[in-house]
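Me: I am new to this structure and would like to learn how to read it, one feature at a time. Could we go through it slowly?

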Amino acid sequence: MKKYTVEELAYMVDHTQLAAYAMPEAFEKLCKEAVEYGFHMVAINSVQTEFCAKLLKGTGVHVGAAIAFPLGQCTIKTKMFETADAIENGADEIDYVLNIPRLIAGDRDYIRREMEEIVGICREAGVISKVIFENCYLAKDQIVTAAEIAREVRPDFIKTSTGFGTGGATVEDVALMKKTVGDLVKVKAAGGIRTPETMLAMVEAGAERIGTSSGVKIIDILRGKENNSVSADY
């Protein structure tokens with residue numbers, strides 16, 4: 001089993017605050033923790049992008065805006081505008097929710113067009129793109145379909161879940177997504193990841209980024225281990 005330092009694991013974390021009722025002090029805390037713990041990114045609703053970008057300027061922590069969150073139920077044009085607006089306000093990573101009913105209906109052309117438009121905006125701006133599938137609503141063949149489209153369009157990541165659906169990331173789904181895209185696209189696991197054991201299981205299954213609001217707790221537990229090297233079979 002591959003071993004990771006605690007710092008390497010911390011750098012996989014997208015530190016998350018997506019609550020509808022979160023006040024400015026919650027984002028100040030989020031950004032402070034992200035810097036202190038060496039997390040990769042803060043994951044926020046797009047309206048908070050400018051505020052967090054100012055707090056994190058010069059720290060190396062990325063600012064990730066959630067687009068069409070959490071339902072994905074707006075037009076491609078609306079998602080494109082929100083993506084461009086978030087980037088203009090300082091986002092350097094974009095996590096967008098694809099159109100779930102269109103995927104379930106088998107409309108590959110729509111899903112491809114939506115993905116191409118949003119990934120294109122991100123690519124032109126030099127911004128990381130992530131496509132959220134929301135696997136809890138999908139059959140396995142639908143997950144594969146979305147991953148096959150991503151394998152062709154090449155977003156930077158495909159992502160399991162918003163954390164607001166009826167279920168979150170599973171090891172089985174992460175492994176399926178990774179098997180489908182191979183090394184052409186990375187996988188982000190998110191939703192219900194609250195313990196070191198769960199995080200490490202997702203990493204072992206192929207996830208290279210972890211979306212969680214429990215990153216501080218997870219890393220504190222891992223830091224408490226006697227050595228600074230942790231295997232994925234922890």
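Predicted model: local features only at pLDDT ≥ 70, side-chain atom pairs only at ≥ 80, totals over all residues.

Me: How should I read a helix, and which residues of helix H10 are buried?

Reply: An α-helix has 3.6 residues a turn, so residues three or four places apart point the same way. Buried means under 20% relative accessible area, exposed over 50%, and partly exposed in between (1.4 Å probe, protein chains only). In H10 (residues 215–223) the buried residues are Gly215, Val216, Ile218, Ile219 and Leu222. Seen down the helix axis, these buried residues of H10 fall within an arc of 165° (taken from the directions from the axis to the C-beta atoms), so they line one face of the helix.

Me: And which residues of the largest nonpolar core touch the most other members?

Reply: A nonpolar core is a set of buried Ala, Val, Leu, Ile, Met, Phe, Trp, Tyr and Cys residues joined through side-chain atoms within 4.5 Å. The largest one here has 73 residues, of which Ile94, Leu98, Met115, Phe133 and Ile158 touch the most other members. Counting contacts as heavy atoms within 4.5 Å, and leaving out residues up to four places away in sequence, Ile158 touches residues including Val131, Phe133, Ala147 and Met177.

Me: How is a pocket found, and what is the volume of the largest pocket?

Reply: Rolling a probe the size of a water molecule over the atoms shows where empty space is left. The largest pocket has a volume of about 390 Å³, and of the 29 residues that line it, Thr16, Thr162, Gly163, Gly191 and Ser213 are the closest to its centre. Strand E4 (62–67) is among the elements that give two or more residues to this lining, and E4 supplies the largest share, three residues.

Me: What should I look for in the backbone, and which residues are joined by a cis peptide bond?

Reply: Most residues other than glycine have a negative phi, and most peptide bonds are trans. Here a cis peptide bond joins Phe69 and Pro70, with omega about 0°, and Pro70 lies in the loop between E4 and helix H4 (76–88). Ala68, found in the loop between E4 and H4, has a positive phi of about 55° although it is not a glycine, and at 8% relative accessibility Ala68 counts as buried. Glu134, in the loop between strand E6 (128–132) and helix H7 (140–153), has a positive phi of about 60°, and Glu134 is buried with a relative accessible area of 2%.

Notes: Residues numbered from 1 in each chain as written. Heavy atoms only, no water. Helix = DSSP H or I, 4+ residues; strand = E, 2+ residues; numbered from the N terminus. 1 Å grid on protein atoms, 1.4 Å probe; cavity = no way out; pocket = protein on both sides within 12 Å on 5 of 7 lines; lining within 4 Å. Points joined across faces, edges and corners; volume = space filled by probe spheres on them.
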